[in-house]
Amino acid sequence: METSSVPRTVPGVPAALRGILPVLVAVPVLVALEWLLSGSPFAQQLTYRVGVNVVLAVSLNIVNGMTGQFSIGHAGFMAVGAYVSSVLSLSLKEIALSFLPVAVSDQLFFIAALLVGGAAAALCGFLVGLPSLRLRGDYLAIVTLGFGEIIRVIVQNTAVFGRALGLSGIPPATSVMMVGFWVFLTVLVARRIAGSSHGRSLWAIREDEVAAEAMGVDTTGYKVRAFVISSFFAGVAGGLFAHFVQVINPNSFTFVQSMEIVVMVVLGGLGSTTGAIVAAVFLTLLPEALRSLLPMLTEEGSSLSSRVDQIRMPLYGLLLVALMLLRPQGLFGTKEIWEVLPRWLPRRRKGLA
Amino acid sequence: MAQLLQHLINGLAAGTIYALVALGYTMVYGVLKLINFAHGDVMMVGVYMGYGTAYALGRQAQKSVLGVVLIFLVAMAGCALLGFLIERFAYRPLREKPRLTALITAIGISFALSYGFQLDIGFLPGAAPRAFPEIIQPSEWLIIGDRDVVVWNWQIMSLLIAVGLMVGLQYLVFKTRFGRAMRAVSYDHRVAALMGIPTDRIIAVTFMIGSGLAAGAGLLYAIKDTSVNPLMGLFVGLKAFVAAVIGGIGHVPGAVVGALMLGLVEEFVVGYVASTWRDAVAFGILIIVLLVRPGGLFGRVAAEKV
């Protein structure tokens, strides 16, 4: 493994602005996006999916990339968040705060549902984090996989969650602003963690757990906390997902879903937040691009859109194998995207911050 | 009482199939310290090879003793070759890399195989489940009372095969030159190489034996279940892995005991609780066993090296 990069503060920005700079950048971008996409439902749906996948990939990266605890059950946490927030939304559907406009009140309830869903997922993350005290490497991977499956079976057998039929009629509350807000928050938290002393402890655990323990790092605490934070955002992502597809069932959150997120994290580079974002955006848009491209290239257009979905999964498998053989650190390794940009692009000066 | 006895028999029969798959897991793990995630999918490929051979033979020939032997041989040899290729081109280049790398590769291969077989391009079978030909006529071997308890011939057959293979493997590992080499490689493959053991060849052959066993187990499974599909390997493989871990991964009799236990527990859950809880119980047992005895029932916990 290459040595982990340490994020630097942005040079040339006044100290007073540093804290709120991300917000100043994010708000106009989100408003512009909301306005630009308001005309096209298709583009909106695509943005939702990209956003949800970015949240999932960035949050999984906190556990898999930064802490080096390989979890392959992320869809389980997503399911917890999706189901809990959906049940909440469904039961609060008719209630509105009368002193507020309906839209605002709905969004407030939506945020509350997302937070509760995230909290429920975080609780599950805590439970999954605990076995990681004793298990490492491949064993932990299998346990997380098992946990994801157990969650799925529990959901399948619970009447409140609609058993195998799932839940339908979930209010379509997701908006570009909301997805954008959570993407922003997840990325901010991930970057802040990476740059903090907390993050350095995570890197230490990732590089050599035994050595980190010997140096006095409370490996248990850090690992559990990484799991909790990561699964909180997975739960929120699940809630966002449920509130735009409007129908969820246990089959929406299988092992396959978990693997898609793992592929994003591995492709982007275990430990690189921007890598996870780039890979999530790329892998979400790629099938769509192929779907619209393939019919133009070949004659039989009808079966091709289903073929794209068929080919996607085996390709992900081969992509994982090829990555591990050719570039095991992923596209960006542990570095962030601005650290690997070509030389001719304007770069930040190193060591002068 | 009769019901209990019947569940016991069914559970043991299910367990023997897990045991056969688990033996392959345990062997590969013992030598390479790698969870071969793709093991179940190799099994699936073996089943499809057997399926193809059976259809190539035709309805009459596939039911003769010779036909059945041929089907097993083709599937096992084909899977041994597949195992060799996977080991040679996917795992061997990664042998000195962190174990996580190999695990991700294994997951990748598993995905490529199980979802690749769902395509319906060329010779690939497509996603729809298919009926496996009845190469062995199921018949009741033992009937107690008014069909209260029924033992089928294939149940006896797979039990005998599993126990036979377990004894054979124990012999191979502990009484032969090859077995001694395997144990040496398992202990420390670099030192073993220095001592003149052809490490690469030992690992490759172990892989081939494990994959061949998977194919045999898969065929027994297909004879029992009669329905085959490209995703069957994923979950049978995971269950077998759970069984191997319960017994203590790397421990041959442990794998069999773990698999029989898992089969029994699953059968009782299906019989007395609900079939939908089956998978959750398997993973629940896995997590509990790992928490209480991280090395499994028969395994030892290796000291952590810095």
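A contact is defined here as heavy atoms within 4.5 Å. The structure is a predicted model, in which local features need pLDDT of at least 70 and side-chain atom pairs count only at pLDDT 80 or more, whereas totals for chains, interfaces and linings use all residues. Residues are numbered from 1 along each chain as its sequence is written, chains are lettered from A and ligands numbered from 1 in the order in which they are written, and side-chain values use heavy atoms, with hydrogens and water left out.

Chain A contains 14 helices and zero strands, where helices (H or I, at least four residues) and strands (E, at least two) are DSSP runs numbered from the N terminus. Of its 353 residues, 50% count as buried; buried means under 20% relative accessible area, exposed over 50%, and partly exposed in between (1.4 Å probe, protein chains only). Among contacts in chain A with a separation of 6 or more, 82% join residues 24 or more positions apart. The accessible surface of chain A comes to about 15,400 Å², and carbon and sulfur atoms account for 69% of this area. Accessible areas come from the Shrake-Rupley method with a 1.4 Å probe; for residues, only the protein chains shown count as cover.

An unreviewed UniProt entry places the feature "transmembrane region" at several spans of chain A, including residues 108–130 and 226–249. UniProt positions are given in the numbering used here, feature names are shortened, and annotations may be inferred rather than shown by experiment. Residues 108–130 of chain A are 96% helix and 0% strand, with end C-alpha atoms 33 Å apart.

Helix H5 of chain A (residues 102–129) has 28 residues and should span 40 Å at 1.5 Å a residue, which agrees with the 40 Å between its end C-alpha atoms. The expected span is 1.5 Å times one less than the number of residues. Buried residues of H5(A) include Phe110(A), Leu114(A), Gly117(A), Gly118(A) and Cys124(A). Their cover includes helices H4 (74–91), H6 (137–156), H7 (176–195) and H10 (219–245) of chain A.

Helix H2 of chain A (residues 21–37) gives the most to the patch, with four residues. Val23(A), found in H2, counts as partly exposed because its relative accessibility is 36%.

In chain B, the spans that the unreviewed UniProt entry lists as "transmembrane region" include residues 154–174. That span is 100% helix and 0% strand, and its end C-alpha atoms lie 30 Å apart. The buried residues of H5(B) include Trp154(B), Met166(B) and Leu169(B), and elements covering the buried residues include helix H1 (2–32) and strand E2 (140–144) of chain B.

Phe241(B) lies in helix H9 (residues 232–247) of chain B and is buried, with a relative accessible area of 1%. Leaving aside residues up to four places away in sequence, Phe241(B) touches Ile142(A), Tyr25(B), Ile35(B) and Ile249(B).
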